[in-house]
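Here is a short briefing to read alongside the model. Have a look at the overall outline before turning to the details below.

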Amino acid sequence: MKRPWMIAAAVVAAAGTLWLALVGFDSAVPVETAEVVAGPIGQYVDEQAVTRLPETYLITMPIAGRIEPIRLIEGAPVKQGQVVARIVERDLELAVQEARAAVERLDAAIEENAYNRVEETAHEQMQQFVESTKATVEAARARMEAGQARHDYAERNLARMQRLVEQNAASQDQVDRAMVDKVEAAVNFRQDQLVYAASLAIKAATDLMPVMVRQYIDRKSLTGAVLYKQKAEAEARLQQVLQDRDRGTMTSPVDGVVLDRLVTNERYLAAGTTLLEIGQLEHLETEADVLSLDVVDVQEGDAVEIYGPAIGLPRARGTVARIFPAGFTKISSLGVEQQRVKVIVTFNPDDLRRLRRERHLGVGYRVRVRIATEQKPSTLVIPRSALFRAADGQWQVYRVEAGRTFIRPVEVGIVNDEHVEIVAGLEAGNRVIPAPDSNLADGQRVATITRRAAH
């Protein structure tokens, strides 16, 4: 049989255990809360970027040749028109002298070709020879006609002597002499014919001689035209080498600095070889590869914050200057294939001057850019970490009222890495729980630790 006091002790112990359980279940859980406040919020795209120049100026070999040593080093300032590189001058002068000599040689050849006095004299001589030959032909023809007359007379005389012999009126001796006269006359006549024919042939050849000389003179005029063309070609070549000589002294096109020196010592280089790269650091800008999903919200003229270790504090200001019209594929550091678009951001001139003076910012420096795509000067704002999704995907927050938590659905607007705009579901002055613990439940008692949303 149990004693009464033992029964009483057991009842008291059970009651104490139940009280402790009830008190423990309804004890206040300490949580940090943030107030729903009205303030500014912005949506932005944050990406890595690199500084660059919109344009650099390459000093290249204008022609193949031997370059003199280049003394300028990277970072050296240069002025517009300053000589920065030079082809060996002696090589260029020799090319000019050779081209000029070619022009002068052709001038002499043209002058020589234009001298026609010898040919004109020969033409006059040939004309006189033609006239002389014509007279010779006339004389040969007259002699042939006379020979024919003697030949005809000798034939008639022989026939008469032969008739007289038959009539015993002439002697045989007379007949024989008449025969000899006839033969001699025939031979002489034949010789006269041959001389006349030869004279005609000589005259035909002689008549061509003035034509031949005239054709030679005309041909010299054609040769002169060829020489003039050759001279024009030689003069063009001279102009080219004169231009090459001028180009052989290379100057800086702008006031700037040497970004890169690719050649130092004297050497023979091909045309087009790059020697120096010159840029103007006062035109420095940044280039960011923005995800194509984000770049659709970016517009030219959007305000930009430029920051990072290379920038320091305060952050620099900038503006979106240009968005490339075509994207490209880039592999991320995690090996993910991404579509990105290049966005060019220009510095605020005052900030750029400060960065050049204090940070010595140059080309190819790694920075970050935060492009503001939307801004609201005053709206309801809470920490982004206060949001969580319901099972149906609806955004929710834990709102704290009278020391208890209540799950409230909300509609959101602008969202950035730190804050979110509340369009509906909360009012200014309400308190929400940032980064709520997964063990929190709707209606649970909490002890609040107050903080104000920061911007």
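Predicted model: local features only at pLDDT ≥ 70, side-chain atom pairs only at ≥ 80, totals over all residues.

Buried means under 20% relative accessible area, exposed means over 50%, and partly exposed lies in between (1.4 Å probe, protein chains only). Residues are numbered from 1 along each chain as its sequence is written, and side-chain values use heavy atoms, with hydrogens and water left out.

**Overall shape and make-up**

- The protein has six helices and 23 strands; helices (H or I, at least four residues) and strands (E, at least two) are DSSP runs, numbered from the N terminus.
- The radius of gyration of the protein is 59 Å, whereas a compact globule of 455 residues would have one near 23 Å. The radius is taken over C-alpha atoms, and the globule rule is 2.2 Å times the number of residues to the power 0.38.
- Along the principal axes, the C-alpha atoms of the protein fill a box of roughly 225 × 50 × 45 Å.
- Of the 455 residues, 34% count as buried.
- Taking contacts between residues at least 6 apart in sequence, 77% join residues at least 24 apart; contact means heavy atoms within 4.5 Å.

**Helix packing**

- Two packed helices are described by the angle between their axes and the distance between the axes. Here the axes are lines fitted to C-alpha atoms, for helices over the stretch in contact, and angles run from 0 to 180 degrees between N-to-C directions.
- Helix 3 (residues 117-166) packs with helix 4 at an angle of about 165°, their axes being 7 Å apart. Helix 3 is therefore roughly antiparallel to helix 4; angles under 35 degrees count as roughly parallel, over 145 as roughly antiparallel, 65 to 115 as roughly perpendicular and the rest as oblique.
- The crossing of helix 3 and helix 4 is left-handed. A crossing is left-handed if the near helix is turned anticlockwise from the far one by less than a right angle, and right-handed if clockwise.
- The contact of helix 3 with helix 4 has 26 nonpolar, 14 polar and 14 charged residues. In this scheme Ala, Val, Leu, Ile, Met, Phe, Trp, Tyr, Cys and Pro count as nonpolar, Asp, Glu, Lys and Arg as charged, and the others, Gly among them, as polar.
- Helix 2 (residues 89-114) and helix 4 (residues 172-247) have axes that come within 9 Å and cross at roughly 165°. Helix 2 and helix 4 are therefore roughly antiparallel to each other.
- The crossing of helix 2 and helix 4 is left-handed, and the residues of their contact divide into 15 nonpolar, four polar and ten charged.

- Arg160 sits in helix 3 and counts as partly exposed, at 33% relative accessibility. Arg160 and Ala178 are 18 residues apart along the chain, with their C-alpha atoms separated by 9.2 Å.
- Arg237 belongs to helix 4 and counts as partly exposed, at 47% relative accessibility. Between the C-alpha atoms of Arg237 and Met144 there are 68 Å, and the two are 93 residues apart along the chain.

**Backbone points to check**

- Leu313 and Pro314 are joined by a cis peptide bond, with omega about 0°. Pro314 is in the loop between strand 12 (303-307) and strand 13 (316-323).
- His360 has a phi near 55°, a positive value in a residue other than glycine. His360 lies in the loop between helix 6 (349-359) and strand 16 (366-383) and is exposed, with a relative accessible area of 55%.
- Ala402 has a positive phi of about 55° although it is not a glycine. Ala402 is placed in the loop between strand 18 and strand 19 (404-409).

**Strand and loop contacts**

- Gln396 is found in strand 18 (residues 395-401) and counts as buried, at 15% relative accessibility. Leaving aside neighbours within four places in sequence, the contacts of Gln396 include Phe388, Arg389, Ile407 and Val410.
- Asn265 is in the loop between strand 8 (256-261) and strand 9 (267-269). Leaving aside neighbours within four places in sequence, Asn265 is in contact with Ile67 and Pro69.
- Asn265 and Asp350 are 85 residues apart in sequence and 40 Å apart in space, C-alpha to C-alpha.
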